[in-house]
Amino acid sequence: MHPYERRRHAALRADQEIIGRAAAWLRHDAVQAQYAGLTHPEYAFGLASLLDEIALRAADDEHLRTHAVRVCRTMLGDRMDMPATRRTRRR
């Protein structure tokens with residue numbers, strides 16, 4: 001396997017992991033909300049299932065994967081994908 005292929009495979013696995021983490025967070029949040037008395041957790045479970053499918057087929061469509069990763073990072077509170085966010089510290 002060439003270094004380019006290894007990097008591509010590592011990036012794909014990292015993207016799949018982010019999408020999977022977002023799906024797991026949705027499921028966890030839906031269960032917690034149900035304990036609090038909120039209804040309709042099936043919407044969150046449905047969206048989590050869609051994210052699982054996107055993660056499984058992440059290599060098929062680059063544009064879908066890129067958008068899904070951006071949305072999942074936003075859901076998880078990771079702001080590294082937002083270019084407007086300043087990432088340097090001032091002294």
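These are my notebook entries on a predicted model.

**Overall make-up.** I looked up the secondary structure first. The protein has three helices and zero strands. Read from the N terminus, its elements go α-α-α. I then checked burial over the chain: of the 91 residues, 21% are buried. For the surface, I noted an accessible area of about 7200 Å². Carbon and sulfur atoms hold 56% of that area. I also looked at contacts with a separation of 6 or more. Residues 24 or more positions apart supply 60% of them.

**Helix α1.** I turned to α1, which spans residues 3–35 and counts 33 residues. From first C-alpha to last I get 48 Å, close to the 48 Å expected at 1.5 Å a residue. Next I listed its buried residues: L12, D15, Q16, I18, I19, A22, A23, L26 and A30. What covers them? I found that the cover includes α2 (42–56) and α3 (62–76). After α1 comes G37, and I noted its positive phi, near 100°.

**R65.** I went to α3 for this residue, as R65 lies in that helix. Is R65 buried or exposed? R65 has 9% relative accessibility, and buried means under 20%, so I count R65 as buried. I then asked which side chain R65 meets in a polar contact. The partner is the side chain of D15, at 2.8 Å. D15 is itself one of the buried residues of α1. Leaving out residues up to four places away in sequence, I find R65 touching L12, D15 and A58. L12, too, is on the buried list for α1.

Note on methods
Residues are numbered from 1 along each chain as its sequence is written. This is a predicted model: local features need pLDDT of at least 70, side-chain atom pairs count only at pLDDT 80 or more; totals for chains, interfaces and linings use all residues. Side-chain values use heavy atoms; hydrogens and water are left out. Helices (H or I, at least four residues) and strands (E, at least two) are DSSP runs, numbered from the N terminus. The expected span of a helix is 1.5 Å times one less than its number of residues. Buried means under 20% relative accessible area, exposed over 50%, partly exposed in between (1.4 Å probe, protein chains only). Contact means heavy atoms within 4.5 Å. A polar contact is a pair of N or O atoms within 3.5 Å; within protein, one must be able to donate a hydrogen and the other to accept it, and residues adjacent in sequence count only if both atoms are side-chain atoms. Accessible areas come from the Shrake-Rupley method with a 1.4 Å probe; for residues, only the protein chains shown count as cover.
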